[in-house]
Amino acid sequence: LRPRKELLLGTRGLLSSEKSVGPNDDPSEFYESIEEMSLVSGLSALRFSQLLLLVVESTQGRFTKLELQLAQKCLKEGRALIVVANKRDIIRQDGVSHSQYEKGIREHCQRYLKDFGADVPVVACAGIEGSEKGGVRRLMHEVIRTHDAWSTRISTGKLNEWLQDTLASRSFLLPTGKPLKVKYVTQERSRPPTFIFFTNTKKFPKPFETYLKSRLQHDFALGGVPVRFVVRDTRKK
């Protein structure tokens with residue numbers, strides 16, 4: 001991504017009289033610049049947001065590079081995420097129900113947006129059908145629920161009970177071959193939910209961290225909410 005100043009200067013030149021657009025010009029010539037402008041605009045708005053509504057269209061069939069870039073920035077900034085599957089009216093014309101449409105998008109999310117949990121909120125909408133019929137009212141309910149999850153605080157007692165149950169059925173080894181032991185967990189903060197684990201290592205092995213995050217997001221209804229881990233080594237120096 002080019003620096004914003006450079007991008008804006010380039011855009012200014014594109015839209016000035018130096019580069020006038022005629023009726024016979026090829027629109028694809030300007031596609032990359034327009035996409036970059038959209039990305040800059042989205043990243044700027046994300047800085048001041050708490051939750052991102054990532055709007056995808058039924059005609060795409062997949063996430064675009066721009067959408068994935070915004071989702072990754074959302075994850076890095078610790079913002080909550082809801083995927084809005086727009087234009088469900090077009091899909092319905094092909095005999096696909098809105099629940100089937102949502103399911104397909106959700107499966108796509110599990111592949112490309114797995115850091116937001118297996119239960120990323122997906123709401124199918126059709127803006128031209130109004131707030132009630134078009135799914136906008138349902139979307140607003142999902143916004144409130146996801147924002148509440150992003151702001152949630154879980155008691156230390158409940159967390160450690162969950163941790164004990166979660167680790168009872170599986171065991172993990174450190175790279176040294178020794179068993180990984182987690183003694184205690186507590187929530188440090190919310191927005192996004194951040195948890196401190198007291199354990200016998202300085203860093204969780206990646207498979208273990210992925211497993212623990214997915215279980216935490218699922219068991220405490222944190223789908224669409226990035227969670228962060230802080231690992232504290234309790235071994236005596």
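**Exercise 1. Which residue just after H8 takes a positive phi?**

Solution. Ala 221, with a phi of about 55°. The helix label follows DSSP: helices (H or I, at least four residues) and strands (E, at least two) are runs numbered from the N terminus.

Some ground rules come next. This is a predicted model, where local features need pLDDT of at least 70, side-chain atom pairs count only at pLDDT 80 or more, and totals for chains, interfaces and linings use all residues. Residues are numbered from 1 along each chain as its sequence is written, and side-chain values use heavy atoms, with hydrogens and water left out.

**Exercise 2. Check the span of H8 against its residue count.**

Solution. Step one: take the expected span, which is 1.5 Å times one less than the number of residues. Step two: for the 14 residues of H8 this gives 20 Å. Step three: compare with the end C-alpha atoms, which are 20 Å apart, so the two agree.

**Exercise 3. Find the buried residues of H8 and what they pack against.**

Solution. Start with the cut-offs: buried means under 20% relative accessible area, exposed over 50%, and partly exposed in between (1.4 Å probe, protein chains only). In H8, the buried residues are Phe 208, Glu 209, Tyr 211, Leu 212, Leu 216 and Gln 217. Recall the helix geometry: an α-helix has 3.6 residues a turn, so residues three or four places apart point the same way. Next, the packing: the buried residues of H8 meet H7, S4, strand S5 (194-199) and strand S6 (228-233).

Now take Glu 209. Its relative accessible area is 18%, so Glu 209 counts as buried. Set aside neighbours within four places in sequence; Glu 209 is then in contact (heavy atoms within 4.5 Å) with Phe 204 and Phe 229.

**Exercise 4. Classify the ring pairs Phe 63–Tyr 112 and Phe 172–Tyr 211.**

Solution. Rings of Phe, Tyr and Trp (its six-membered ring) pair if their centres lie within 6.5 Å; planes under 30 degrees apart count as stacked, over 60 as edge-to-face and the rest as tilted. The structure holds nine such aromatic pairs.

- Phe 63 and Tyr 112 have ring centres 6.4 Å apart and planes at 90°, so this pair is edge-to-face. Phe 63 sits in the loop between strand S1 (51-57) and helix H3 (65-77), and Tyr 112 in helix H5 (residues 98-112), so the pair ties together parts 49 residues apart in sequence. Phe 63 is buried, at 6% relative accessibility. Tyr 112 is partly exposed, at 34%.
- Phe 172 and Tyr 211 have ring centres 5.6 Å apart and planes at 40°, so this pair is tilted. Phe 172 lies in the loop between helix H7 (156-168) and strand S4 (182-189), 39 residues from Tyr 211 in helix H8 (residues 206-219). Both residues are buried.

**Exercise 5. How many bridges join S5 to S6?**

Solution. Six, and the strands run parallel. Pairing requires at least two bridges found by DSSP.
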